[in-house]
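Biologist: Please show me the model. I want to ask what stands behind each word you use for it.

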Amino acid sequence: MRRPQLDIQLKTPEQIEKMRAAGLVVAEALRRMRAAVAPGVSTADLDAIAESTIREAGAVPSFKGYHGFPASICASVNEQIVHGIPSVDQVLAEGDLISVDCGAVLDGWHGDAAITVGVGEVDPALLRMATVAEDAMWAGIAAAARGAASGKGRLTDISHAVENAVRKGGRYGIVDGYGGHGIGTEMHQDPHVLNHGRPGKGPRLVQGMALAIEPMITMGSPRTAELADGWTVVTRDGSRAAHVEHTMALLPDGVWVLTAQDGGRARLGELVTARQPAGTSAC
């Protein structure tokens, strides 16, 4: 079933269960890559870890071949914000900050998530930026859960919550033009989810919605440029950036963070659906 106007695909609880299976594949790939991040590791090495993990689970990398993208992950280092192409020539060094975006499709359903990780000893200010981005993502997910539960929530309540959390966290640039999205039988669906804006606008937040929430912030200006490879988006001023993402779905009794191993319970508590058992390990 699809909502009119924006063509928002609403999922049944059973379909969301299928998305959860895809989400757990992504979670495991990110877990393995996080553990592998170290000085001397190339972004191509991380890509190989992701692809093998995804295929071992019987899934397919969502990104590989998507509009011609050549890899299974996006690996964006330092001033690169999103869509960095993994390469044997891009070798991580002490003090780098890398964001890894990963997607998998299993039985026709997609999962999509991203993490930002420091390489070795990293400037605490950069790690703080990554924490602010993550906190903002969870604030957006919580806003979605509360809005759906009240029956009054609108899409931009998520955007507003993300922006507020970033602004409270410090003086960071919120990247414009890029954001979250609907997800389901395709990786990118309606609606687009901005990381800033006034609350109370856009379609209602209702059960069956599945969204990828993904803040992208910088240490400086939010202005961006695209490199000649046609994919990699960088900060214009050369400042470092952070990007995080989770796929979430709204069920009748709460939210389910499909790409978090604990379903989001550690961060969201009772906002999480009872379909996610309590006591499972956090991602």
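Modeller: Start with aspartate 107, which has a relative accessible area of 63% and is exposed.

Biologist: Why is aspartate 107 called exposed?

Modeller: Set the value against the cut-offs. Buried means under 20% relative accessible area, exposed means over 50%, and partly exposed is in between, with a 1.4 Å probe and protein chains only. Aspartate 107 has 63%, so it counts as exposed. It sits in the loop between strand 6 and strand 7. Its C-alpha atom is 24 Å from that of glycine 254, 147 residues away along the chain.

Biologist: What kind of model is this, and how are residues numbered?

Modeller: It is a predicted model, where local features need pLDDT of at least 70, side-chain atom pairs count only at pLDDT 80 or more, and totals for chains, interfaces and linings use all residues. Residues are numbered from 1 along each chain as its sequence is written, and side-chain values use heavy atoms, leaving out hydrogens and water.

Biologist: What makes a stretch a helix or a strand here?

Modeller: Both are DSSP runs, numbered from the N terminus: helices are H or I with at least four residues, strands are E with at least two. The protein chain has 5 helices and 17 strands.

Biologist: Which residues does UniProt list as "binding site"?

Modeller: The unreviewed UniProt entry places that feature at Asp101, Asp112 and Glu245. UniProt positions are in the numbering used here, feature names are shortened, and annotations may be inferred rather than shown by experiment.

Biologist: How do you know that they gather at one spot?

Modeller: They span 145 residues in sequence, yet no two of their C-alpha atoms are more than 7.8 Å apart, so they do gather at one spot.

Biologist: Why is aspartate 112 called buried?

Modeller: Its relative accessibility is 2%, so aspartate 112 falls in the buried class. Aspartate 112 belongs to strand 7, residues 109-118. Contact means heavy atoms within 4.5 Å. Beyond its neighbours within four places in sequence, aspartate 112 has contacts that include Asp101, His181 and Glu245.

Biologist: What makes the link between aspartate 112 and histidine 181 a polar contact?

Modeller: A polar contact is a pair of N or O atoms within 3.5 Å; within protein, one must be able to donate a hydrogen and the other to accept it, and residues adjacent in sequence count only if both atoms are side-chain atoms. The side chains of aspartate 112 and histidine 181 are joined by one of 3.2 Å.

Biologist: And glutamate 245, buried or exposed?

Modeller: Glutamate 245 has 1% relative accessibility, so it is buried. Its place is the loop between strand 15 (241-243) and strand 16 (246-251). Not counting residues up to four places away in sequence, glutamate 245 touches Asp101, Asp112 and His181, among others.

Biologist: How do you know that the span of helix 2 agrees with its length?

Modeller: The expected span is 1.5 Å times one less than the number of residues. Helix 2, residues 43-56, has 14 residues and should span 20 Å; its end C-alpha atoms are 20 Å apart, so the two agree.

Biologist: Why say that the buried residues of helix 2 line one face?

Modeller: They fall within an arc of 165° seen down the helix axis, so they line one face of the helix. The arc is that of the directions from the helix axis to the C-beta atoms. Among these buried residues are Leu46, Ala50 and Ile54. Their cover includes helix 1 (13-36) and strand 4 (73-77).

Biologist: Why is valine 60 called partly exposed?

Modeller: Its relative accessible area is 39%, so valine 60 lands in the partly exposed class. Valine 60 is part of strand 3. Setting aside neighbours within four places in sequence, its contacts include Ile54 and Gly103.
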